[in-house]
Amino acid sequence: MLYSKTFVELEIFYQEIMNDDLTKQYSRFESYVVGLFQRRNEWALCLRQSLITRGQNTNNICEAGVKIVKDTILDRTRAYSPVQLFFFIVNDLEKFYEMKLLDIAANRPAQYLKKKCILTESQKEHLEFKDLESTYEVKNNHKNTLYHVDLDLGICSCPEDCTGKPCKHQIFVASSLNVDLKLCLPTNEETRKALHIIATGSSEIENGWYGSILKQPQSISVNTENKILV
């Protein structure tokens, strides 16, 4: 029932459970399913498509943060006192996130983030987009599908991104226009500088420090004797 794509499909699964002979043998389970179905707006994904959840329907982000504190900062060891625990939080945890931000700013993110936020050439091969002023129209010539992307709101009309989760259509348009999606890895120098400032608190950054090496001006020296460019 949780992953039903439509409300009709959800009702069909519910009726199948209620009409099952095994369900009728356990009255407490039957009443539990009835109560659960009455609260279907809270958990059924097909009824939550109008909510901008960014693809996060659980509290896994909170759990990941707690896991970092337990495993990385405390090393699964109990703090000696509340004062020591406070020290770990304001010092070691801050350094941990500072290093994470600097890694992303320097284009050295974790591998799973690259796979999630960067499209391969085969993924971009059949995609093309058209500017509609406030939105963009993305067409897949291979699958013959057409979706609309709003970069300001961070949403797309495709089934995967109806809740605001970054999809390949958003990433394709943003990378083609060289603009950043707030939920993906940074692609331009200004965003990388902003992450550096957040991480270190310092805005003293050398010009071109976070620029692409491919876009740096190349100096050309001339050998006047042999008149050969090197």
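Buried means under 20% relative accessible area, exposed means over 50%, and partly exposed lies in between (1.4 Å probe, protein chains only). Keep those words handy for this tour.

The model is predicted: local features need pLDDT of at least 70, side-chain atom pairs count only at pLDDT 80 or more, and totals for chains, interfaces and linings use all residues. Residues are numbered from 1 along each chain as its sequence is written, and side-chain values use heavy atoms, with hydrogens and water left out.

The theme is charge. Side chains of opposite charge can pair when their charged atoms come close. A salt bridge here is a side-chain nitrogen of Lys or Arg within 4 Å of a carboxyl oxygen of Asp or Glu. The whole structure holds seven salt bridges.

**Stop 1.** Select Lys67, Asp71 and Arg76. Salt bridges link Lys67, Asp71 and Arg76 in a network.

**Stop 2.** Select Asp103 and Arg108. They form a salt bridge, with the closest N and O atoms 3.0 Å apart. Arg108 is exposed, at 54% relative accessibility.

**Stop 3.** Go to helix 8 (residues 121–124). Helices are DSSP runs (H or I, at least four residues), numbered from the N terminus. Glu121 and Lys124 sit three residues apart there, about one turn of the helix. Their side chains meet in a salt bridge at 3.5 Å, N to O. Glu121 is exposed at 61%, and Lys124 is partly exposed at 27%.

**Stop 4.** Finish at helix 10 (residues 189–200). Which residue forms a salt bridge with Glu189? Select Lys193: the closest N and O atoms are 3.7 Å apart. Glu189 and Lys193 are four residues apart, about one helical turn. Glu189 is partly exposed at 24%. Lys193 is buried, with a relative accessible area of 18%.

Key:
Helix = DSSP H or I, 4+ residues; strand = E, 2+ residues; numbered from the N terminus.
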